[in-house]
Amino acid sequence: MATLTKSKYMNGGQCQRLLWFANKKQLPESSLMEQHRFSQGPIFEKYVKQIYPNGVELGDLDFNKNIEKTKELVNDKKLIFEAGFKVDELFIRADILEPNGDGWNLYEIKASSDEKKLKIYFPDLAFQKYVIEKTGLKIKKCFVLKLNKEYVKNGEIEAEKLVEKHDVTENVELVGNIEENVQKYLETLKEEDEPPITISVNCNRPYECSLKAHCWGTLPTNNVLHLTNWRQYWKFFHEGIIDIKDIPKEEELKPKDEVIRKAALSCKVVVAKEEIKHFMKTLKYPLYHFDFETFDTAVPIYDKSRPYQKIPFQYSLHIQHEDGKLEHFEYLADGKEDPRLKLLERLKDEIKGKGSVVVFNKSFEKSVLTKLAEDFPEHKDWIEVVLSRLIDLAVPFQNFHYYCPTQKGKYSIKKVLPAITGKGYENLEINNGGDASILYYNSHIANKEEVNDKLRQNMLNYCGLDTEAMVWIVDELSKLIK
Ligand code: SF4
């Protein structure tokens, strides 16, 4: 008999096809980044549990023993971690169940520091409350325990300061349709074939669905979901206009989307020469093409750092002189200590004099540098000079002053590089920043993988290509405006 758990209930809330695949255990393997995110949960929970020293841990018990023991502890009015309840085909494990007079408080632990995401957890708690109350218990209060994003580590982790408690009782009370959803999702679990669901905004909400390759893979090469105005593209989609070529000519699009339409209809690159010329004039040689790699953890591991703060551990720097001469510098920390100071000192030796500091997608490097200035004020003056010299090479692409239909509406360096140079990342062992970050964390910090020369070389190759790619992109843009 299929069982509806809280994670399946949440899957169903996003999409019944996702629920069906999850139930059949046919979801694609999680990415390294997703695995990393999941691995942070138990680390955070360890600190939450320090706040409730009298709690009884049932997380290690198997299904039946957990339910049995929960009944016993409920009778004894004990605080329970991982309290299990099964009612017919419904099963939940509550992160924390705490006695409160003639009722109970229900807690959900989330290794998230983002307050905006709180609302995602209301249906989850509402489902748990629904199942628990079916056993005759009364849930009086509901809480989410999450990371305090302002917490700064200074010595030992202080659990009381790290954990932030949110009373969400009223929000959970307002969640409706639980009974109706439960019936609907139980039906889905029994279905032989995958439900015929149409793709929608739910494919990205509240999480990017892991089945997008499956469901979106059949869309035409140039489809309306490549447009930047998502309200308009979903309107087209639901009206049955899927291919960009089928958008009525008289339909007015935003300027960026007009570029996408023009490129799709002509199957050609669209270039705004004057705008690119204008951008190129903002570059001051020598160009310091620069890129950080970072990792983050839910619970900070270094002093002067916060939950999920991006910790830079590697950089690549290509210095491009006006006469074409190219120099390359790089740094990859050894993982033995907080990498930030050494990295800053090295970088200070290499970014000197005058010239633009060129990055691709400025907001990331800017936020990492700004945090470094905050945490290491002795380097603040130098960092501020670097910040004032930052030029974002993504700008011509974000503005669609260069656009090739192969970019599919995107302007990340992974899409732009092949579009403008024909070169790509496919021959590298590590070919995206997420993998680089997690491989570094797993090997150099968490000791889950061996640190060896090959891994380190692969990491250097990846980061090195990011900045070399920027040199090639500048070269191509220069040729375009000649
Ligand atoms: S990609 Fe969209 S339609 Fe497909 S399962 Fe996910 S949410 Fe449902």
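This is a predicted model: local features need pLDDT of at least 70, side-chain atom pairs count only at pLDDT 80 or more; totals for chains, interfaces and linings use all residues.

Trainee: Let's start with the whole chain. What share of the 482 residues is buried?

Mentor: The chain has 19 helices and 13 strands. Its C-alpha atoms fill a box of roughly 80 × 60 × 40 Å along the principal axes. Of the 482 residues, the buried share is 35%.

Trainee: Now the open sheet of 6 strands: which strands stand at its edges?

Mentor: The strand order is E1-E2-E3-E4-E5-E6, with mixed pairing. A strand at an edge has a single partner strand, so one side is left without a neighbour in the sheet.

Trainee: Staying with E4 and E5, do they run parallel or antiparallel, and how many bridges join them?

Mentor: In general, strands of a sheet pair through backbone hydrogen bonds, in either sense. Here, one place to look is Leu106, which stands opposite Cys142 in E5. Strand E4 (residues 103-109) and E5 run parallel, and the number of bridges is 6.

Trainee: And on the E6 side, what is the bridge partner of Leu147?

Mentor: E5 and strand E6 (residues 163-167) pair in the antiparallel sense, over 5 bridges. The partner of Leu147 lies in E6 and is Val163.

Trainee: Why is strand E5 described as largely enclosed by the rest of the structure?

Mentor: E5 covers residues 139-147, which is 9 residues. The strand is called largely enclosed because of how many of these are buried: 7 of the 9.

Trainee: Is Glu82 buried or exposed?

Mentor: Glu82 lies in strand E2 and has a positive phi of about 65° although it is not a glycine. It has 20 C-beta neighbours inside 10 Å, and the cut-off for this class is 20 or more. Glu82 therefore counts as buried.

Trainee: What about Asn177, buried or exposed?

Mentor: Asn177 also has a positive phi, about 60°, although it is not a glycine. Its place is the loop between helix H7 (169-174) and H8. With 11 other C-beta atoms within 10 Å, Asn177 is exposed.

Trainee: Let's turn to the peptide bonds. Where is Pro206 found?

Mentor: The peptide bond from Arg205 to Pro206 is cis, with omega near 0°. Pro206 is found in the loop between helix H8 (178-190) and H9.

Trainee: And in which loop does Pro286 lie?

Mentor: The bond leading from Tyr285 to Pro286 is cis too, with omega near -5°. Pro286 lies in the loop between helix H12 (273-281) and strand E8 (287-295).

Trainee: Last one: which elements give two or more residues to the shell around the ligand?

Mentor: The residues around the ligand include Arg17, Leu18, Lys212 and Cys215. By class, the shell has 8 nonpolar, 2 polar and 2 charged residues. The elements giving two or more residues are helix H2 (16-23) and helix H9 (212-216).

Note on methods:
Residues are numbered from 1 along each chain as its sequence is written. A residue is near a molecule or strand if its C-beta atom, placed from the backbone, lies within 6 Å of it. Helices (H or I, at least four residues) and strands (E, at least two) are DSSP runs, numbered from the N terminus. Ala, Val, Leu, Ile, Met, Phe, Trp, Tyr, Cys and Pro count as nonpolar, Asp, Glu, Lys and Arg as charged, and the others, Gly among them, as polar. A residue is buried if 20 or more other C-beta atoms lie within 10 Å of its own, exposed if 12 or fewer, and partly exposed in between; C-beta atoms are placed from the backbone. Two strands pair if DSSP finds at least two bridges between them.
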